[in-house]
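User: Could you walk me through how the ligand sits in this model? I would like to go contact by contact.

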Amino acid sequence: MTISLSGTALAAAIRAGITGTPARLAIVTATTDEATAWYVRSISAAAAKVGISCEVVETKDVAGTLSELGNDIHGIILATPVPGEVPAAEFAMGIPPTKDVDGANPVSLGRLAAGLPAFAPATAEAVVRLLEHHHIEIAGRRAMIVGRSTVVGKPLAHLLLNRHATVTVAHSRTPDLAAVTREADILIAAAGRAGLIGPDHVRPGAVVIDVGTNPTADGGLVGDVDPAVADRAGALSPVPGGVGPVTTALLLSHTVDAARTAAH
Ligand SMILES: NC(=O)c1ccc[n+]([C@@H]2O[C@H](COP(=O)([O-])OP(=O)(O)OC[C@H]3O[C@@H](n4cnc5c(N)ncnc54)[C@H](OP(=O)(O)O)[C@@H]3O)[C@@H](O)[C@H]2O)c1
């Protein structure tokens, strides 16, 4: 029987550790994109529930706004996409690494790659925390990530390498994706393509983590993994209810960590 790798209990445990430290989070947003607005609202609501003050700053001048945020702000999230030609990572250079609670500053990614302390992007860290929570061995296993974005695939590759997995990263130019993914003991789908990973992509008994969040026409949410994979995988994370809640909890927990560090 396939094990469901739920993230709800882990998210609750992470949230339970967020008490007693006053913390302030700022979310800087420059887009009118509805998916982003939904994401910003859900983080604000989650922050309010654990007593973190969350300020949403809407701006057309991202660089200027980031440079003007006060010392009383402990954590900063830059909502994406950022309109225009300049990559979001370029703007994120303006987030001090000590406040970079979603690991968006390329300095944070560099520190992660070098094995130095840094905030990892919350989604990438959520994948690792979900595996650990469900006692899935990472060291020595073949991990395959489908997706090479700066926010998910690349940092996740470093987090898994740091935990001694043998890591492969696939992307849209990878020929015969199924032949590559079938080699994986741990398969992580982070492509943003509903149903991309079918049963043929999965070795029987493999662990499959679904990072994808794809909106459906009826207002729902589906992952990158076809539900039929449940008959083949040894363990599969649900969407919603897998990586998502852990990601949100980690953003809040990083903010409290940043506030505690600032207080010392
Ligand atoms: N649960 C959460 O908390 C959370 C948080 C963040 C993101 N997400 C979700 O995770 C997914 C990925 O997000 P992202 O920001 O990393 O997306 P992204 O920036 O669009 O990157 C997608 C990656 O997938 C690759 N890809 C696309 N189509 C592919 C295909 N047919 N075969 C193989 N690889 C393919 C792309 O390859 P190329 O590089 O070659 O284009 C790219 O590397 C989205 O569904 C997003 O909504 C979830």
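This is a predicted model: local features need pLDDT of at least 70, side-chain atom pairs count only at pLDDT 80 or more; totals for chains, interfaces and linings use all residues.

User: How far is an oxygen atom of the ligand from an N or O atom in the side chain of Arg148?

Analyst: Residues are numbered from 1 along each chain as its sequence is written, and side-chain values use heavy atoms, leaving out hydrogens and water. A polar contact here is a pair of N or O atoms within 3.5 Å. For the Arg148 side chain, the distance to a ligand oxygen is 2.7 Å.

User: And what is the distance for the side chain of Thr213?

Analyst: Ser172 also takes part, with a side-chain N or O atom 2.5 Å from a ligand oxygen. For the side chain of Thr213, the corresponding value is 2.6 Å.

User: How much of the ligand does the protein bury?

Analyst: Accessible areas come from the Shrake-Rupley method with a 1.4 Å probe. Taken alone, the ligand exposes 930 Å². The share of that buried by the protein is 69%.

User: Which helix gives the largest share of the shell around the ligand?

Analyst: The shell has eight nonpolar, 11 polar and two charged residues. Helices are DSSP runs (H or I, at least four residues) numbered from the N terminus. Three shell residues, the largest share, come from residues 243-263, helix α9.

Notes
A polar contact is a pair of N or O atoms within 3.5 Å; within protein, one must be able to donate a hydrogen and the other to accept it, and residues adjacent in sequence count only if both atoms are side-chain atoms. Helices (H or I, at least four residues) and strands (E, at least two) are DSSP runs, numbered from the N terminus. Ala, Val, Leu, Ile, Met, Phe, Trp, Tyr, Cys and Pro count as nonpolar, Asp, Glu, Lys and Arg as charged, and the others, Gly among them, as polar.
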